[in-house]
2 protein chains.
Amino acid sequence: MSNDILRKDLQDSGLRATGARLAVLGLLREAPSPLSHGEIAQTLEDSPWSRATLYRNLIDLEKAGLVRRTQLGEPVWRFEDAAKEHGVRSHPHFLCSSCGKMVCLPVIELGVGPVKGINRALSQGRYEIQLRGQCDSCSSRGGKG
Amino acid sequence: MSNDILRKDLQDSGLRATGARLAVLGLLREAPSPLSHGEIAQTLEDSPWSRATLYRNLIDLEKAGLVRRTQLGEPVWRFEDAAKEHGVRSHPHFLCSSCGKMVCLPVIELGVGPVKGINRALSQGRYEIQLRGQCDSCSSRGGKG
DNA sequence: TTTTATAATGCAACAGTGATTCAATTGCAA
DNA sequence: TTGCAATTGAATCACTGTTGCATTATAAAA
């Protein structure tokens, strides 16, 4: 990705084309999958930019529409009675991204074919399924979906 | 749930039956879905036990096999180029619970029937699908699956 | 090229969750 | 009842995310 293209895209979006932004946007454009702030900071650890700057640049890029930001799940551990028929792995859960409410779902058979690097988990069914979105009451009250 | 049963189950598992453990285990046995440490601490905020004690009790209960512990997601935000064909919602991801590696999966049609409270998201397809388990290299190196 | 307004940066600090250390206290078995 | 190991609270640290403020750099105007 040419620096000139990155620079133009930044300026077209109303952002100044600073070194940190060129680096961060260039990195995300070359990445095969979404990156976390920590991974980006580690990749650029020899660069002159602080973690705070990289973090703010990611937020700036998101506000400018150049980057998408998602949290895959929720950042806390959950505990449940081990005797419950209803192990976390035994059926999928829907998690509301707004209020954190958790809803149990009926069992779903996925049938995902082989995928390089995770065939063991897939073939043995050793994984949890989680759906994430807004529950009805949160989407009624508005807010981003 | 009788306190005597809780007490016996704790002691059978090799744990002392302290007030905090009776309260935490009783709470989890009555809960309809998994609870987070924060939710438990909030429910018991008028109790004499500190957050650290409740937290350690949850870990103790898990080690004793009385409780199951899962993190439904990951504690970081991820960013990706907005221009990527490949929005986080456009296809499912597999997330390794050990090393954090993310793998993109082929599109899956779920066909979940109506579920009370989340019908809007389900019918409109407004949700992300995430699978969570151990990738092949992590399960080769051992460790809990 | 120089100037200038202001956007961007680094440093420092705070919040929330998770985790641990250590001295004081408690449970419970002898 | 006693004694010791298990448990507890307070404090503290790590990590991610976030913000305030003084300084610096960008990009446009002169």
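Strand β5 (residues 127-133) of chain A pairs with strand β5 (residues 127-133) of chain B in the antiparallel sense, over seven bridges. Strands here are DSSP runs (E, at least two residues), numbered from the N terminus. Two of them pair if DSSP finds at least two bridges between them. One bridge joins G133(A) to Y127(B) in β5(B).

The model is predicted: local features need pLDDT of at least 70, side-chain atom pairs count only at pLDDT 80 or more, and totals for chains, interfaces and linings use all residues. Residues are numbered from 1 along each chain as its sequence is written, chains are lettered from A in the order in which they are written, and side-chain values use heavy atoms, without hydrogens and water.

## The interface

In chain B, 66 residues are in contact with 67 residues of chain A (heavy atoms within 4.5 Å). The buried area is about 6,800 Å², and carbon and sulfur atoms give 56% of that. Buried area is the accessible area (1.4 Å probe) that two parts lose on being put together, summed over both.

Strand β2 (residues 67-81) of chain B gives the largest share of its side, 15 residues. By class, that side has 32 nonpolar, 18 polar and 16 charged residues. Gly counts as polar, and Tyr as nonpolar.

How values were computed
Helix = DSSP H or I, 4+ residues; strand = E, 2+ residues; numbered from the N terminus.
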